[in-house]
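Please read it with the model open.

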Amino acid sequence: MTEVVAALGRYVRANPQACDTIAGIAAWWLQPRTARSSPEVVGAALAALVANGEMECAFGPDGQTVYRAARPAGHEGSQAEPPGS
């Protein structure tokens with residue numbers, strides 16, 4: 001999982017406007033070597049990044065939980081609890 005956390009951290013720092021679901025992140029944000037990670041591993045990695053304040057989760061327009069770079073304090077948005085919280 002450490003490799004997935006690091007890969008996601010690099011991706012979101014390089015692409016601060018990126019926003020996607022766990023499935024989309026697993027399919028598009030990770031290099032082929034780490035993309036084989038299960039949704040559970042990707043979800044746990046995202047939860048770690050949310051916990052350390054690097055990323056946040058919110059509700060997308062269709063109501064699905066999406067993940068993105070953490071917004072500055074005071075930014076309005078619809079926060080959601082990470083799945084499994």
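1. A salt bridge here is a side-chain nitrogen of Lys or Arg within 4 Å of a carboxyl oxygen of Asp or Glu. The model is predicted, and side-chain atom pairs count only at pLDDT 80 or more. On that basis, a search of the whole structure returns two salt bridges.

2. One of them is formed by the side chains of R13 and E54, with an N to O distance of 2.3 Å. This pair links distant parts of the chain: R13 belongs to helix α1 (residues 2-14), while E54 sits in the loop between α4 (39-51) and β2, and the two are 41 residues apart.

3. How accessible are the two partners, R13 and E54? R13 is exposed, because its relative accessible area of 55% is over the 50% cut-off. E54 has 24% relative accessibility and counts as partly exposed.

4. A salt bridge also joins R68 to E56, whose closest N and O atoms are 2.6 Å apart. R68 lies in strand β3 and E56 in strand β2, so this pair ties together parts that are twelve residues apart in sequence.

5. Are R68 and E56 buried or exposed? R68 has a relative accessible area of 12% and is buried. E56 is buried as well, at 9% relative accessibility. Both assignments follow because buried means under 20% relative accessible area.

6. Strand β2 covers residues 55-59 and is mostly covered, with four of its five residues buried. Strand β3 (residues 65-69) runs antiparallel to β2, and five bridges join the two. Within this pairing, A58 has V66 of β3 as its bridge partner.

7. What lies between the two strands of the hairpin? Five residues separate β2 from β3, and G63 takes a positive phi near 90° in this hairpin.

8. On cysteines, a search of the whole structure finds zero disulfides. A disulfide would need a pair of cysteine sulfur atoms within 2.5 Å. C19 counts as partly exposed, at 38% relative accessibility. C57 is buried, with a relative accessible area of 1%.

9. To sum up the salt bridges, R13 and E54 meet at 2.3 Å, N to O, with R13 exposed and E54 partly exposed. R68 and E56 form a salt bridge at 2.6 Å, with R68 buried and E56 buried.

Key
Residues numbered from 1 in each chain as written. Predicted model: local features only at pLDDT ≥ 70, side-chain atom pairs only at ≥ 80, totals over all residues. Heavy atoms only, no water. Buried < 20%, exposed > 50% of the residue type's maximum accessible area, 1.4 Å probe, protein only. Pairing = 2+ DSSP bridges.
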